[in-house]
Amino acid sequence: MEKSTKNRILGFISLGIALWVTYMSMGLKATAYQGDPGPRMFPLIGAVIMAVCGIVMIVAPGQKEKVFLTKEQWKSCAKLFSMYLLLVLLLYLGGFLAAVPVMLFIITYMLSGLSLTDKTKKQRLVTSLIFGIVGGIVLYLMYVKLLDAKMPEGILMSMLRK
Amino acid sequence: MSVWQFFLNALKEICTPTGILFVVGGTLAGMILGAIPGLGSSTLMVILLPISYKMDITMAMALFISITIGGMSGGCIGSILLGIPGTSSSMVTVFDGYEFTKRGMPSKALSAAVVSNFLGNVPSVILAIVACKAVAAWAVKLGPWEYAALCFCAVLMVVGLSKGNMVKSMIGVGLAIFLASVGEDPINASGRFLFFGRLEFLDGFNIISVMLGLFAAKIILLEYARQDKQQNQLDVKVEGFKFPAADFIKNKWLILRAWVTGAVIGFLPGLGGPVASVMSYSNEKMLAKDKSTWGHGEIGGVFAAETANNAAIGGALIPLLALGIPGDAAAVQFIAALNVQGINVGPMFMREQPAIVYMIFTGALLSGTIVFLFQTFGMKTFPAMLKIPYHFLYSMVILLAFLGAYMSTNSFYGLLVAVCCCVLGVLMDFFGIPSLPFLMAYILSPMLELNIRRGLNYSPRGIAEFFRRPLSCTFIILGIAVLIYGFISPVLKKKMGKK
């Protein structure tokens, strides 16, 4: 049976993190309380666990497992993840009012390619647009009016206001 | 105040427009999300966590328990009608439940599942009410040594009893311990691992942002990548509920055994509904006179799986409310919601916060009844639940998750933590690291560290004190024994199989 390279890589990553945590923990100052092992004890426990398990993974990686995602699936994954990053960026720049309806529209349109296969591109576009606007209003009412939450204003919006 | 007075107060609070909305709405929303394969009610709870900060904590708990019960009861709908489990707890319901749908008799399996849901969860909540009081009375006597040992035991039990590669589970635990160490030291309040000198790290990684990234954002990412949703075409007609009297009488002892199995497994940390249903199904199949019918449309299979997974809810409430130890992922979310409001869950929780505890019990009993009534009278609407357009639901969940992450810290720090945790979640899935041991260790780490260090401070004997105290020593030995069992049992099974 073929040994799992993936598990070996996990072992090396785990060992690497353990060594890094150990190095970082050594820089933490001890406490003056009698009997207290100090703030470094707990992260060191985590590091020891990861180091031991990492070594086990390197030495005995086990058998090769089934494919997690295909190349195409990884591409889809990256596509949606880029939307997550775009959402964060839009929230930072444009704030809640700009980011929410825009992103709701974009993500809904993107996902509708899976579940609205019987609809034309134009129909999907219109549905997503309506959902983006209505959803944006609902979220605004919920967060800003009902929950009285302080949502991001966006640096561009703040600059425009000034 | 007497127990009845707490129940009456909780009932009074629920009988307000907000209370009714929370309990009825939470139950139905949980049931719908529980029915839809992929999302699950836990996603709803995660996205509600940041909002719960603005709610009255007792009402938030009523909402959360309603979602949990609704979600568990809704899981069988996807299993029976689509052949795809709505939640992992209803995985084995597919084996026999879906066979009835193929034969054109989905109502028979659904009716059995509805009865099982009610018989599973309501009596188990009553058991929790009785048992919690006794366990909590005992728990207040625990010192930091026993409590640290209990947390240690709980984490090791999750690793030892969970399925999959245990070494990978332990890597998850180690990683969780490290990530939980970031921030303020619990004893002297000095900063630990303040990366790039940023003071934001003093607050550590907010559990809400961690869960939003690790669950909501990651789940949708992987669901979209795998693109399973387009295949779920449903064309089934469901008739109304018919009480399965003959099947019920025939399977009365099976139901009782499944209930006991579920309640006991629910009590053990980290197992919950999925393991309860699998174990109960396997037991009953083993005990059955005619095993050939199991997996080909045996109604006992539906009773066994659904009674056990619902009974696990009450079982999991006992360690959660009496000891502050989460039994499953849903219980972790309860603790996170309480922590958000500055309430620490531990052995003193029942004594200090009885209003919250009895609200959870009352909410659970009411929610169980609402589920039963809705599923009895609204069975014909089940197929409609599975036709909810995913693109609307998923895009809304993504927005709610990220806005919630922002709200949890009121800064972009929370958002970035959620994005990073989403990546971490995908990597963990890629490498096969189970998320439950990671999550359990992450939520229990602060309590574990605090109590270990208090134990070491309070006693001149240092670490030896943990082994001198009978209870503490028992928990440590039990935890290690379960871990060792988890390591050697697959080897033993392999050897026995060869012989």
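How many residues of chain B are in contact with chain A, and how many residues of chain A do they touch? In this predicted model, 52 residues of chain B are in contact with 55 residues of chain A.

View 1. Helix 18 of chain B supplies the largest share, 12 residues. By residue class, the side of chain B that touches chain A consists of 32 nonpolar, 12 polar and 8 charged residues.

**View 2. Chain A, with its 5 helices and 0 strands.** Along the sequence, the pattern of chain A reads α-α-α-α-α. Chain A is more spread out than a compact globule, because its radius of gyration is 25 Å, well over the 15 Å that the globule rule gives for 162 residues. Taken along the principal axes, the box filled by the C-alpha atoms of chain A is roughly 60 × 55 × 25 Å.

**View 3. Helix 2 (residues 17-35) of chain B and helix 4 (residues 57-81) of chain B, where their axes come within 6 Å.** The two axes cross at roughly 30 degrees; since angles under 35 degrees count as roughly parallel, helix 2 of chain B and helix 4 of chain B are therefore roughly parallel to each other. The crossing in which helix 2 of chain B passes helix 4 of chain B is right-handed. The residues of this helix contact comprise 15 nonpolar and 14 polar, with no charged residues.

**View 4. A:Arg8, in helix 1 (residues 5-26) of chain A.** A:Arg8 counts as partly exposed, because it has 17 C-beta neighbours inside 10 Å, whereas a buried residue would need 20 or more. Leaving aside neighbours within four places in sequence, A:Arg8 is in contact with A:Met57, A:Ile58 and A:Pro61. The view also includes A:Ala60, which is 52 residues from A:Arg8 in sequence, while the C-alpha atoms of A:Arg8 and A:Ala60 are 8.2 Å apart in space.

Methods. Residues are numbered from 1 along each chain as its sequence is written. Chains are lettered from A and ligands numbered from 1 in the order in which they are written. This is a predicted model: local features need pLDDT of at least 70, side-chain atom pairs count only at pLDDT 80 or more; totals for chains, interfaces and linings use all residues. Two residues are in contact if their C-beta atoms, placed from the backbone, lie within 7 Å. Helices (H or I, at least four residues) and strands (E, at least two) are DSSP runs, numbered from the N terminus. Ala, Val, Leu, Ile, Met, Phe, Trp, Tyr, Cys and Pro count as nonpolar, Asp, Glu, Lys and Arg as charged, and the others, Gly among them, as polar. The radius of gyration is taken over C-alpha atoms; the globule rule is 2.2 Å times the number of residues to the power 0.38. Axes are lines fitted to C-alpha atoms, for helices over the stretch in contact, and angles run from 0 to 180 degrees between N-to-C directions. Angles under 35 degrees count as roughly parallel, over 145 as roughly antiparallel, 65 to 115 as roughly perpendicular and the rest as oblique. A crossing is left-handed if the near helix is turned anticlockwise from the far one by less than a right angle, and right-handed if clockwise. A residue is buried if 20 or more other C-beta atoms lie within 10 Å of its own, exposed if 12 or fewer, and partly exposed in between; C-beta atoms are placed from the backbone.
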